[in-house]
Amino acid sequence: MSVVADVTDATFKQEVLESQLPVLVDFWAPWCGPCRMVAPVVDEIAQEYAGQFKVLKLNTDDNPATASQYGIRSIPTLMIFKGGQQVDMVQGAVPKTNLASTLDKHLQ
Amino acid sequence: MSTSPLSSEKNLEAMRHFSETYAQRTGTFFCLDLGVTAVVIEGLAKNKEELGAPLCPCRHYEDKAAEVSAAYWNCPCVPMRERKECHCMLFLPPENAFAGPRQDISLAEIRSHQL
């Protein structure tokens, strides 16, 4: 079971945009195959970067407003937010090392 | 929001059969993790049932009905037909690190991977 908490259209501003920590958001959908592959990677990242990054997931079917606002097309898309701004993103079922190196770029 | 948790048996079988035939015809293979294959086939069947066409389930759309009419992302999508690119990982070229040995999947296997 995933350890990564859900974020929704209603909570996105508070949980992501106003977060003190940088945030990784996994934009996923229930019938997306590669999302199943990336979810365990995101889980591991959440544990390894605890205290450095907040890690959340957003179901694009249930929260279309946020997905549209950030121009989500291909799923899964992993976006990094810092200080209320989107600063980076990776798409598809990326290996953990790729995701980790992307996160490392945005650590202080 | 999801309306029906499972697609009808008819559409699921249609998309299962299409996936096998199309993989064989294009020389592509299913993912090593057949759970990926199962979820995508189920998503295609669900879209076929609800929208009338097997719209790619690995995209977010502003307007699903308009996308169905545009047909670009109806499976097999234009990138797959032109360049064998399936970002859903349903049809993988043999050199892809995630490609498995299979071009077949049974209904029982699909059902066993349902969410």
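Reader: How much space lies in the largest cavity?

Author: Happy to start there! In this predicted model, about 100 Å³ of space lies in the largest cavity.

Reader: What makes that space a cavity and not a pocket?

Author: A cavity is a set of points where a 1.4 Å probe fits but cannot get out, whereas a pocket is open. By this rule, one cavity of 30 Å³ or more is counted.

Reader: Which residues line the largest cavity, and which lie nearest its centre?

Author: The lining has 15 residues, with B:C56, B:C75, B:C77, B:C86 and B:C88 nearest the centre. By class, the lining divides into 13 nonpolar, one polar and one charged. Cys counts as nonpolar.

Reader: Now to the helices. Why are α2(A) and α4(A) called oblique to each other?

Author: Their axes come within 10 Å and cross at roughly 40 degrees. Angles under 35 degrees count as roughly parallel and 65 to 115 as roughly perpendicular, so α2(A) and α4(A) are oblique to each other. The contact is made by A:V41, A:V42, A:E44, A:I45 and A:E48 of α2(A) with A:K96, A:L99, A:A100 and A:L103 of α4(A). It has six nonpolar, no polar and three charged residues.

Reader: What makes α2(A) oblique to α2(B)?

Author: Good one! These two helices pack at an angle of about 140 degrees, with axes 7 Å apart. Roughly antiparallel needs an angle over 145, so α2(A) is oblique to α2(B). Here A:G33, A:P34, A:R36 and A:M37 of α2(A) meet B:G35, B:V36, B:V39 and B:V40 of α2(B).

Notes:
Residues numbered from 1 in each chain as written. Chains lettered and ligands numbered in written order. Predicted model: local features only at pLDDT ≥ 70, side-chain atom pairs only at ≥ 80, totals over all residues. Heavy atoms only, no water. 1 Å grid on protein atoms, 1.4 Å probe; cavity = no way out; pocket = protein on both sides within 12 Å on 5 of 7 lines; lining within 4 Å. Points joined across faces, edges and corners; volume = space filled by probe spheres on them. Axes fitted to C-alpha atoms, helices over the stretch in contact; angles between N-to-C directions. Helix = DSSP H or I, 4+ residues; strand = E, 2+ residues; numbered from the N terminus. Contact = heavy atoms within 4.5 Å.
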